[in-house]
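This briefing concerns the predicted model shown below. The points that follow are grouped by topic.

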Amino acid sequence: METRNDTTEFVLLGLTQCLQCQKILFVFFLLIYIVTLAGNILIVVTVVVSPTLDAPMYFFLGYLSFMDAVYSTTVSPNMIIDLLYEKKTISLKACFTQLFVGHLFGGAEILILVAMAYDRYVAICKPLHYMTIMNQRVRFLLLLLACVGGFLHALVHLLFVYNLPFCGPNIIDHFICDMYPLLKLACTDTYVIGLTVIANDGAICMIIFLLLLISYGVILHSLKNLSQEGRRKAMSTCGSHITVVVFFFVPCIILYVRPPSTLPTDKFLAVFYTVFTPMLNPLIYTLRNAEMKIAMEKLWSIKR
């Protein structure tokens, strides 16, 4: 039997059906997006032009900020524009593109957080060999692995949904295209694909999250060998990293570590890790990092 696919576009219900609320949310999320872009681009520029920020940690921080800016751009502009319209539609191809790009940069960002944890482990637990281990070749290799990992993660999702038949209702109770809402609309049994989503998203997020917590636990335990100033600096840096890890992973785990289904709370969890987390990352890293703040002040004084 030939696969039917009568759907050429999806209707997104968005965050709310209240037209007055949409106007308020438009202003709110537009401001958040501007702050997100400005903050992350400022970090990227500061890392690139500041000679004092040549440590491997800032190399990864610069790319994390770049990923945050792009990741936010895959979601926020469409969501903001849709808040101006009563009917929100997205074509089938645009939906698949958003799904792929979102998971590409989201997956790459997760692996960059892993690379940053490894960097902190080497810096604190093996300080004498830090620059030897985290040389330029290793840094670019870890970055390449993060990009390849994100690509494979996104490709798996795209391959599974690309040939699904969509021949019935085309209404998605969400503001973006994601796996579970798409599986719900497919005109076929998606049980096996749902299990792959749990494995590709939920299980991987859970395992990496636990490994990151364990690694930071090992790092914090080793701080007793450092001086008081060294402990303070390491605690500040690791505290920033742990905060970002929790903000990013916890909503993802809640969304994907469960049987395939869609819940009313899903869209609000998605707002947190697609909109708020990319905005909070630059604030967390700059407010808790003295070297970054000094470099930004110098950059600002040069521009003036």
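Thr-36 lies in helix H1, which covers residues 19-49. Thr-36 counts as buried because its relative accessibility is 0%, where buried means under 20%.

**Surroundings of Thr-36**
- With neighbours within four places in sequence left aside, Thr-36 is in contact with Ser-72, Val-275, Pro-278 and Met-279.

**Sheet**
- Three strands form an open sheet in the order E2-E1-E3, and the pairing is mixed.
- Strand E2 (88-91) and strand E3 (171-172) are the edge strands, each of which pairs on one side only.
- Strand E1, residues 9-12, runs antiparallel to E2, and 4 bridges join the two.
- Within E2, Ile-90 is the bridge partner of Phe-10.
- Helix H3 packs on the sheet, where it touches E1 and E2. The direction of H3 makes about 85 degrees with that of E2.

**Nonpolar core**
- The largest nonpolar core comprises 87 residues. The residues with the most contacts inside this core are Phe-10, Phe-29, Phe-166 and Phe-249.
- Helix H3 (residues 92-125) supplies the largest share of this core, namely 17 residues.

**Contacts of Phe-10**
- Not counting residues up to four places away in sequence, Phe-10 touches Lys-88, Thr-89, Ile-90, Leu-92, Cys-95, Phe-166, Asn-170, Ile-172, Leu-182 and Leu-185.
- One of these, Ile-90, is also the bridge partner of Phe-10, and another, Phe-166, is likewise among the residues with the most contacts inside the largest nonpolar core.

Conventions. Residues numbered from 1 in each chain as written. Predicted model: local features only at pLDDT ≥ 70, side-chain atom pairs only at ≥ 80, totals over all residues. Heavy atoms only, no water. Core = buried A, V, L, I, M, F, W, Y, C linked by side-chain atoms within 4.5 Å. Buried < 20%, exposed > 50% of the residue type's maximum accessible area, 1.4 Å probe, protein only. Contact = heavy atoms within 4.5 Å. Pairing = 2+ DSSP bridges. Axes fitted to C-alpha atoms, helices over the stretch in contact; angles between N-to-C directions.
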